[in-house]
Structures are given as structure tokens and as C-alpha cells.
Amino acid sequence: MSERLITPEDVRAEMVTNGFEFSSVTFIKRSDGSTRVMNYRLGVTKHLRQNGKGQGYDPKQHNLITVYDMTQKGYRSIPIDGVLSIRKGNETLTVS
């Protein structure tokens, strides 16, 4: 397994352009400060609400990225500034 350091500014790009179906991310939750590991997937549209309203806010304005949590089977928002590491394939990206 290889490890690479990335900057906080690179987190969004690395998560969005991961090139893998499934990845995991370790981050600090804004709600309670706890550390969470989440297996996620991007681009899932099957479970979107059909009410046409969407999220009601722009995640980028709040420094969030929306992903599909494979364990909880639902959409979650990850705070970009709280990401500690990303694992994709055999590579671990650690935020420095």
C-alpha cells in the first residue's frame, strides 16, 4: 500500500476525481468533533428525492462535499476542512 501527503486544498479534487467506485474517508465531524470513517461512493443518483427541490443549499458554500454513504445507505455531507485521510484502492492520501 502506498501513502502520499496532500494539502487541504487538494482534498476536494482527490475525492471527486478518485477514479475508483468505492473509497473511504476519515474525517472529523462538525456536529460533535468525533472522528468518523466512511465508505463512500460518488455519482449515486438512484436514491435522490424526486421532489425537484434538491438539497436546498450549495455544499461548496459551506465547504462540504456530498457523497453516498455505503454503510448507512444514504447521502451525507463531509466537511472538507475536517478530512484527515482518503483511501482509494491501494493508496492512502494523508492531509498534511
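Two strands count as paired if DSSP finds at least two bridges between them, and strands (E, at least two residues) and helices (H or I, at least four) are DSSP runs numbered from the N terminus.

**View 1. Welcome to the whole fold.** This is a predicted model, in which local features need pLDDT of at least 70, side-chain atom pairs count only at pLDDT 80 or more, and totals for chains, interfaces and linings use all residues. Residues are numbered from 1 along each chain as its sequence is written, and side-chain values use heavy atoms, leaving out hydrogens and water. You will find one helix and seven strands in the protein, following the pattern β-α-β-β-β-β-β-β along the sequence. Of its 96 residues, 31% are buried (under 20% relative accessible area, 1.4 Å probe, protein chains only).

**View 2. Seven strands make an open sheet.** Reading across, their order is E1-E7-E6-E2-E3-E4-E5, and the pairing is mixed. Strands E1 (2–6) and E5 (74–79) are the edges, each pairing on one side only. Strands of a sheet pair through backbone hydrogen bonds, either parallel or antiparallel.

**View 3. Look here for the parallel pair of E1 and E7.** Five bridges join E1 to strand E7, which covers residues 91–95. Ser2 has Glu91 in E7 as its bridge partner.

**View 4. At E4 and E5, the pairing is antiparallel.** Strand E4 (residues 64–69) and E5 share six bridges. Ile65 stands opposite Ile78 in E5. Four residues lie between the strands of this hairpin, where Lys73 takes a positive phi near 55 degrees.

How values were computed
Buried means under 20% relative accessible area, exposed over 50%, partly exposed in between (1.4 Å probe, protein chains only).
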